[in-house]
Amino acid sequence: MARCRLATLLRRTDQPERAREESAQSIRVARTLHKRGVVAQALYTAAQLSWEDGDMAAVERAANEGLLLTLNEQSRVRG
């Protein structure tokens, strides 16, 4: 979670390269730990960075994956 927040902070302070690195690392760690919510948050940050870069294909990939994780988590919680 801390890496995800750091990625967001770096993005907001105009450090996109470091933000991308932290976001990618956050996604890897969260997936390893099976933390779906953190993966979804990190994907959101990745989508924002891709948007700022003008890479709409990457925005769509990250946003879609994050949305699917969120919907699956909501379904799992509701039973």
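Predicted model: local features only at pLDDT ≥ 70, side-chain atom pairs only at ≥ 80, totals over all residues.
The helices themselves are DSSP runs (H or I, at least four residues), numbered from the N terminus.

On the α2 side, the contact is made by Pro 16, Ala 19, Arg 20, Ser 23, Ser 26, Ile 27, Ala 30 and Arg 31, and on the α3 side by Val 38, Val 39, Ala 42, Leu 43, Thr 45, Ala 46, Leu 49 and Asp 53; contact here means heavy atoms within 4.5 Å. Sorted by class, this contact of α2 with α3 has 10 nonpolar, three polar and three charged residues.

Helix α3 also meets α4, and the axes of α3 and α4 come within 8 Å and cross at roughly 160°. α3 and α4 are therefore roughly antiparallel to each other, and α3 passes α4 in a left-handed crossing. Among the residues that meet there are Val 39, Leu 43 and Trp 51 in α3 and Val 59, Ala 62 and Leu 69 in α4. The residues of this contact of α3 with α4 divide into 12 nonpolar, four polar and four charged.

The largest nonpolar core, with 12 residues, includes Cys 4, Ile 27, Val 38, Leu 43, Val 59 and Leu 69; such a core is a set of buried Ala, Val, Leu, Ile, Met, Phe, Trp, Tyr and Cys residues joined through side-chain atoms within 4.5 Å, and buried means under 20% relative accessible area, with a 1.4 Å probe and protein chains only. Two or more residues of this core come from each of α2, α3 and α4 (56–78), and α3 gives the most, with six residues. Leaving aside its neighbours within four places in sequence, Val 38 is in contact with Met 1, Cys 4, Ser 26 and Ala 30.

Arg 78 lies in helix α4 and is exposed, with a relative accessible area of 71%, the cut-off for exposed being over 50%.

Residues are numbered from 1 along each chain as its sequence is written. Local features need pLDDT of at least 70, and side-chain atom pairs count only at pLDDT 80 or more, while totals for chains, interfaces and linings use all residues, and side-chain values use heavy atoms, with hydrogens and water left out.

Note on methods: Nonpolar A, V, L, I, M, F, W, Y, C, P; charged D, E, K, R; others polar. Axes fitted to C-alpha atoms, helices over the stretch in contact; angles between N-to-C directions. Parallel < 35°, antiparallel > 145°, perpendicular 65-115°, else oblique. Left-handed = near helix turned anticlockwise from the far one by under 90°.
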